[in-house]
Amino acid sequence: MNGWALAALITIVAIIVVIRRLRGEPLNARDLFGAPLVLTGLGIWALCEADGLTGTDLVWVVAGSVLGIALGALRGATIQVFGKEGVLWQRYTGRTFLIALGSFVVMAGYGFLAVRLGMHANARPVQLSIGVGFLGEALIVGFRGLASGIPFAPERERRR
């Protein structure tokens, strides 16, 4: 798939997830962890397929991934996790968006610095960046959900 088409598809999916979470939605484990794990996996696959990566590139990728998970965890701490209709729900708040904007700025600066200091551009898959951020968020929200004692929402039934 074309790099721009993949980036557009990932962006559209991320926007849909954010809109759903802004309105508030039942919190189930599959929705919480599915997209972050798939995006992270696609990012790792893109790295494995990239030509000419060096050890320096991998150090930048690992450090950027740790930073992305930490920023996602910070964002996850601002999400409302509450009980409704006997199950867990989640809702993004204004602070969630402020942290998301700050995270974008920090990660853009990190990417700029990494490239200026020798990281290859193809060592920065968009899906990995988005995936690790959502993974950090999911880990914190999932932990908070488990700690609440309220059951996670059941998976939605798929229409045939």
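Is glutamate 85 buried or exposed? Glutamate 85 is exposed, because its relative accessible area is 69%, and the cut-off for exposed is over 50%. Before I go on, please keep in mind that this is a predicted model.

Let me stay with glutamate 85 for a moment. You will find glutamate 85 in the loop between β2 (80-84) and β3 (87-91). Its phi angle is near 55°, which is a positive value in a residue that is not glycine.

Now the strands on either side of that loop. β2 and β3 pair in the antiparallel sense, over five bridges. If you want one place to look, take glutamine 80: its bridge partner is arginine 91, in β3. The two strands belong to an open sheet of three strands, in the order β1-β3-β2, with antiparallel pairing. The edge strands are β1 and β2, and each of them pairs on one side only.

That brings me to β1, which covers residues 25-26 and contains glutamate 25. Is glutamate 25 buried or exposed? Glutamate 25 counts as buried, because its relative accessibility is 6% and the cut-off for buried is under 20%. What does glutamate 25 touch, if we leave out residues up to four places away in sequence? The answer is Arg20, Trp89, Gln90 and Arg156.

Next, the charges. As a general point, side chains of opposite charge can pair when their charged atoms come close. How many salt bridges does this structure hold? It holds six, and I will go through some of them.

Start with glutamate 25 and arginine 20. Their side chains meet in a salt bridge, at 2.8 Å from N to O. Arginine 20 counts as partly exposed, because its relative accessibility is 24%. Glutamate 25, as I said, is buried at 6%.

Glutamate 25 also forms a salt bridge with arginine 21, and here the closest N and O atoms are 3.3 Å apart. Within this pair, glutamate 25 is buried and so is arginine 21. The two side chains are also listed as making a polar contact, at 3.3 Å.

Arginine 21 has another partner, glutamate 137. The side chains of glutamate 137 and arginine 21 meet in a salt bridge at 2.9 Å, N to O. Why does this pair tie together parts that are 116 residues apart in sequence? Because glutamate 137 lies in helix α5 (residues 126-148), while arginine 21 lies in helix α1 (residues 3-23). Both glutamate 137 and arginine 21 are buried.

Salt bridges that share partners join Arg20, Arg21, Glu25, Asp31, Arg75 and Glu137.

Last, the surface, and a residue of another kind. Tryptophan 45 sits in helix α2 (residues 29-49). Tryptophan 45 is exposed, because its relative accessible area is 54%, and over 50% is what exposed requires. Which residues make the nonpolar surface patch with tryptophan 45 in it? They are Val38, Leu42 and Trp45, and the patch has an area of about 310 Å².

Definitions and conventions
Residues numbered from 1 in each chain as written. Predicted model: local features only at pLDDT ≥ 70, side-chain atom pairs only at ≥ 80, totals over all residues. Heavy atoms only, no water. Salt bridge = Lys/Arg side-chain N within 4 Å of Asp/Glu carboxyl O. Buried < 20%, exposed > 50% of the residue type's maximum accessible area, 1.4 Å probe, protein only. Helix = DSSP H or I, 4+ residues; strand = E, 2+ residues; numbered from the N terminus. Patch = residues over 30% accessible without salt bridge, like charges linked within 9 Å, V, L, I, M, F, W, Y side chains within 5 Å. Areas by Shrake-Rupley, 256 points an atom, 1.4 Å probe, with all protein chains shown as cover. Polar contact = N/O pair within 3.5 Å; in protein donor to acceptor, adjacent residues only side chain to side chain. Contact = heavy atoms within 4.5 Å. Pairing = 2+ DSSP bridges.
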